[in-house]
Amino acid sequence: MSATTATTTTTTTTTTTGAPVTGRLGDSPVRPDGIAKVQGSFAFSGDLSADGSLWGATLRSPHPYARIVSIDLSGAWAINGVEAVVTAEDVPGKPTYGLIDQDQPVFASEYVRYVGEPVAAVAANHPETCRRALAAIRVEYEVLEPLTDPERAADGTFPPIHPNGNVFRHQRIVRGDTEATGEVVVESDYEIGMQDQAFLGLEAALAIPDPGGEGVELYVATQWLHEDRGQIAACLDLPAEKVRLTLGGVGGAFGAREDISLQVHTCLLALRTGRPVRIAYSREESFLGHVHRHPARIWMRHHATRDGKIVKIEARIVMDGGAYASTSSAVLINAVTHMQGPYKCENAVVDGWAVRTNHLPCGAMRGFGVVQACFAHEGQMDRLAAACGLDPVEIRLRNAMETGDRLITGQVIENVAPVRECILETAALPLPDEPVGGHDGDPMRLPGGAGLTADRSHIRRGIGWGVAIKNLMYSEGFDDFSTARVTLRDGVASLKFATAEVGQGFVTLAGQIARSVLGVDDVVLEPIDTTVGSAGSTSASRQTWMSGGAVDGACRLVREQLFAHVGAQHGVDPLRLAIDGRDVVDTMGDLCVPVAQATAGLVFEDTFEHHHRPTEELDENGQGNCHTAFAFVAHRAVVDVDPELGLVKVVQIATAQDVGRALNPLSVIGQIEGGIAQGVGLAVMEEIVQIDGRVRNANFTDYLLPTFLDMPDVVATLIEHPDPMAPLGAKGVGEPPCISSTPAVVAAIRDAIGKDLTRTPVRPSDIVF
Amino acid sequence: MSVTVAHTLDEALELLAATPSATVLAGGTDLMVELNMGHRRTDAVVCVNRVGELRSWRHDPGTDTLRIGAAITYAELMDAPLAGFSPALAQAARTVGSPQIRNAATIGGNVGTASPAGDGLPVLRALDAVVHLASTAGTRDVPFAEFATGPKRTVVQPGELITGVTIPVLNGFQGYSKVGVRNAMVIATASACLAVDTNGHTVRLALGSVGPVILRAPEAETIAVQAADFEAGTIDPEAIPAFAAAAAAAARPIDDHRSTAAYRRRAIEVLSRRLLTRAFPAPTPGASS
Ligand SMILES: Cc1cc2nc3c(=O)[nH]c(=O)nc-3n(C[C@H](O)[C@H](O)[C@H](O)COP(=O)(O)OP(=O)(O)OC[C@H]3O[C@@H](n4cnc5c(N)ncnc54)[C@H](O)[C@@H]3O)c2cc1C
């Protein structure tokens with residue numbers, strides 16, 4: 001490709017306005033959207049509007065399991081201002097969607113399978129009209145006995161609640177000598193509650209129909225524009241190119257925006273009415289409308305030598321996937337394949353089930369199955385330490401995995417694997433210097449905080465450990481590539497990609513990459529939409545690696561064009577040219593041309609797709625190279641506990657994380673602190689409570705998230721060994737912080753009160769009784 | 001929906017008389033949540049948090065009582081000078097919500113909602129507060145003990161406004177403790193207010209979130225009074241467990257999604273014991289004969 005003369009095209013910049021951003025790889029520039037977000041001027045998808053737009057709203061099932069006998073829409077149609085009322089009968093294409101198995105109905109037709117399942121939707125001139133229209137729809141249900149015990153789904157004693165059966169997937173891992181035994185054997189049951197992603201920017205979308213209804217444009221907060229597009233197009237029976245998506249401002253995702261929620265409904269209503277339609281969920285609807293972290297029950301047994309070396313692990317895992325498949329089968333694979341933790345282990349028998357129940361559907365959430373596995377294996381490591389008379393750090397060091405070790409799937413860890421270093425660096429971080437209750441005796445620093453429930457004398461301090469391994473990118477043969485296009489024009493680089501910016505900071509990083517590779521200061525980010533190839537999902541800790549790799553690759557291609565051009569102009573072999581700061585320089589001579597000058601009046605453009613190395617499916621014994629890459633992390637938690645009231649104050653979390661290379665250290669720390677907040681939440685308060693299939697706390701009054709007062713001090717060391725497999729040497733850093741922080745906190749509570757806690761979140765009554 | 005902002009008490013009462021079905025809005029921190037959740041609907045709203053008479057407070061040195069206007073906020077109750085008159089009310093105020101909530105939410109709204117978990121209410125119950133009501137027909141005073149008839153049910157009649165509450169200014173320890181699963185901004189799963197009147201030789205213990213309304217624990221109070229030496233500020237340590245057990249026995253907790261009855265009862269026992277110990281700190285060993 002050769003340089004072409006610049007034409008005057010106007011480039012639309014994204015809504016991410018603010019101060020100009022500078023900074024190259026390794027710097028910590030401010031986010032391009034940071035100031036707008038802090039000042040409240042950033043447009044989130046809930047702020048979208050279009051002239052003449054209607055409001056949409058969704059009627060949801062009040063029953064966990066029921067047969068729909070009849071639906072009478074006449075009452076809704078009779079209301080002034082109602083422009084459309086749609087049900088399953090109105091879905092023109094595929095009646096169901098889903099990321100892996102398409103088993104989730106756009107609208108329930110014959111059966112409803114969870115409280116909150118969409119049954120109908122309306123479009124009207126006002127949200128209040130929508131509310132009245134929904135209230136006027138008469139649905140007659142024959143209520144059925146719900147399946148609420150995942151064990152009964154796994155053991156087959158409950159009749160199928162869906163034609164596909166009650167088991168989403170069963171996977172066994174058998175490795176090595178299954179009869180092997182150890183001198184020391186420890187076992188326990190563990191339980192993990194259902195966590196919500198609880199992003200603050202509620203689900204919202206705006207759909208604008210093409211004239212004549214031949215297509216639709218959707219602005220939506222999502223994690224993966226192209227996957228949404230494929231599923232929407234199938235349900236609407238439109239060719240994919242007739243469904244165009246643009247990313248609406250995303251206020252957090254954490255996995256909950258990977259599945260379809262309101263996308264098809266909004267588009268369908270827009271096509272029906274020929275007018276723009278917006279849907280915005282309330283907090284309660286958000287709890288019902290997206291997938292959650294799988295609750296899990298895990299039994300685990302470790303065999304070890306007397307000096308604490310793991311001989312064999314055995315585990316049985318049952319994950320409650322709720323009513324529809326979502327990514328349950330992939331979450332299960334992550335859980336079973338991470339059961340050994342970041343420890344050497346030759347022999348294993350692991351059995352895992354992901355099952356269907358009449359609970360809320362579960363799918364992706366930060367940590368994706370590994371959170372559950374880690375809670376169990378770390379509980380086991382502490383048991384093993386106690387049984388062998390070792391301390392928690394020593395037992396983990398003795399078993400720490402290294403590059404070249406094999407997983408229980410037989411896969412060799414080829415990545416940098418600094419498990420030992422993570423543990424030692426964490427241990428080297430200072431313990432909090434403050435005594436219980438802080439130096440000045442501020443009661444806010446005690447468990448119970450503002451409630452003034454305790455005095456210092458009531459409190460016991462504990463320390464606990466958690467260490468984790470986490471796979472990065474997608475697994476089992478999936479090619480989750482990412483695409484980027486780079487245009488270098490007049491010294492300005494324009495970047496085009498469909499990478500969903502959900503708060504993780506890719507918009508910052510992309511600019512850093514372009515500045516470093518191309519020697520430019522000015523980087524323009526084009527709108528994030530489906531007019532370029534897929535970027536894959538913003539999940540699985542993958543975008544820095546995958547989209548970062550794509551932007552880096554495209555920049556390098558453009559740089560080659562630039563060098564070819566400069567080389568030709570100056571009679572220098574392009575291979576001798578390099579970027580130094582803002583200049584193209586001859587590494588073997590004196591030539592030095594500023595990039596801005598070299599590109600004046602010219603356009604260089606190229607597109608690059610980054611693919612990671614291929615992976616394999618697991619065989620029936622759970623053997624195979626199913627994962628792409630791995631990252632590691634250690635956490636040490638210090639907690640203060642009031643044993644009589646069961647209240648906890650997490651005082652400090654120390655962590656050392658294997659990040660490969662910190663491309664933006666501030667962003668990495670942001671991920672670490674945020675992930676720890678989520679990990680602390682799962683340890684001591686965050687849980688969706690469902691009783692008889694009904695959610696009891698679909699609001700922030702009763703679904704508690706850590707506040708500033710609940711957040712511990714975080715001290716962190718970044719372990720930087722650039723990974724040769726990673727395009728920029730950087731590993732994904734998003735998930736590890738929330739994985740082993742939870743078991744570390746629970747271990748610290750155990751240490752403080754000398755009691756066996758096997759369930760997370762730990763409730764006050766679990767401590768007291 | 002009509003929304004009217006009243007600036008004087010008379011104006012507010014006339015608006016309510018004209019539309020007895022109107023809903024009173026003070027800080028809106030309960031009401032707006034209920035409206036947004038669709039738990040409550042209304043056609044007319046009368047805003048009262050700009051009414052001067054409700055925004056004021058008065059200490060009467062003669063009776064040594066404090067009259068607090070209904071639209072006084074928690075932010076005001078938390079700080080001097082009001083905090084000096086009732087330390088327990090200040091502590092309770094500090095536990096409410098977040099700074100934003102405390103700047104808007106009022107004591108009158110807490111009383112009006114009459115949730116068993118309302119943080120201001122155990123203090124009012126312990127102090128035997130009086131609630132002042134007014135309508136165009138006149139005023140009436142209702143002892144706080146008779147004000148709530150059940151969870152979120154009160155004796156307030158259509159057209160009536162809560163104008164304020166009056167509490168005695170006591171000489172003696174006061175404390176409010178609240179258990180929630182989070183270290184701030186959380187609904188009480190159990191709470192207790194202990195107030196000692198060293199002059200009148202009474203100990204008052206009120207319990208929140210463990211019954212349909214705020215409860216007192218009269219048996220526990222009697223145990224404490226009998227075991228206390230009000231002049232010395234000490235108590236017979238052996239009475240403390242009995243006091244705590246009697247407090248727990250007075251609770252009438254339930255199981256719900258927030259907690260269990262057993263935990264709530266235990267929490268009341270622990271909070272009562274700790275509050276009594278704070279009120280009557282153990283004498284330093286060797287200090288007395
Ligand atoms: C995020 C959040 C956190 C919260 N945390 C706490 C907490 O920790 N502890 C706690 O106790 N509460 C808490 N609340 C609830 C609420 O803040 C309190 O109950 C507060 O005292 C209500 O006061 P308000 O002025 O906002 O009342 P409003 O919402 O304005 O009114 C509440 C009710 O009282 C009636 N009312 C108000 N004023 C009068 C009057 N003068 N005469 C007659 N009726 C009246 C209203 O009609 C309404 O029914 C919280 C609320 C939120 C939103």
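**A working chat on chains A and B**

Student: What is the domain assignment of chain A?
Tutor: This is a predicted model. In chain A, the assignment gives domain 1 as 4–42 + 481–610 and domain 2 as 416–465 + 630–769.

Student: What distance separates the centres of domain 1 and domain 2 of chain A?
Tutor: Taken over C-alpha atoms, the two centres are separated by 37 Å. The contact between these domains takes 16 residues from domain 1 of chain A and 14 residues from domain 2 of chain A.

Student: And which helix gives the most to the domain 1 side of that contact?
Tutor: That is α13(A), with five residues. Both α12 (506–518) and α13 (543–570) of chain A supply at least two residues each to this side. By class, the domain 1 side has three nonpolar, 11 polar and two charged residues.

Student: Changing topic: at what angle do α15 and α17 of chain A pack?
Tutor: Helix α15 (residues 665–684) and helix α17 (residues 741–753) of chain A pack at about 45°, and their axes are 8 Å apart. An angle between 35 and 65 degrees counts as oblique, and therefore α15(A) and α17(A) are oblique to each other.

Student: Is the crossing left-handed or right-handed?
Tutor: The crossing of α15(A) with α17(A) is right-handed.

Student: Which residues make that contact?
Tutor: From α15(A) come A:G675, A:I676, A:G679, A:V680, A:L682, A:A683 and A:V684, while α17(A) provides A:S741, A:T742, A:V745 and A:V746. Seven residues of this contact are nonpolar and four are polar, with no charged residues.

Student: Now for the two chains: how many residues of chain B are in contact with chain A?
Tutor: There are 24 residues of chain B in contact with 24 residues of chain A. On the chain B side, α5 (87–95), β11 (174–179) and α12 (261–279) each give two or more residues. The most comes from α12(B), with five residues.

Student: What classes of residue does that side have?
Tutor: The side of chain B that touches chain A has 11 nonpolar, eight polar and five charged residues.

Student: Last topic, the ligand: how many residues surround it, and which are the closest?
Tutor: The ligand is surrounded by 30 residues, and the closest are B:G27, B:G97, B:G109, B:N110 and B:G112. Elements of chain B that give two or more residues to this shell include β2 (23–25), α2 (31–36) and β10 (161–168).

Student: Which element has the largest share of the shell?
Tutor: The largest share comes from α7(B), with five residues. In the shell as a whole, 15 residues are nonpolar, 13 are polar and two are charged.

Terms used
Residues numbered from 1 in each chain as written. Chains lettered and ligands numbered in written order. Predicted model: local features only at pLDDT ≥ 70, side-chain atom pairs only at ≥ 80, totals over all residues. Contact = placed C-beta atoms within 7 Å. Helix = DSSP H or I, 4+ residues; strand = E, 2+ residues; numbered from the N terminus. Nonpolar A, V, L, I, M, F, W, Y, C, P; charged D, E, K, R; others polar. Domains from an automatic or database assignment. Near = placed C-beta within 6 Å. Axes fitted to C-alpha atoms, helices over the stretch in contact; angles between N-to-C directions. Parallel < 35°, antiparallel > 145°, perpendicular 65-115°, else oblique. Left-handed = near helix turned anticlockwise from the far one by under 90°.
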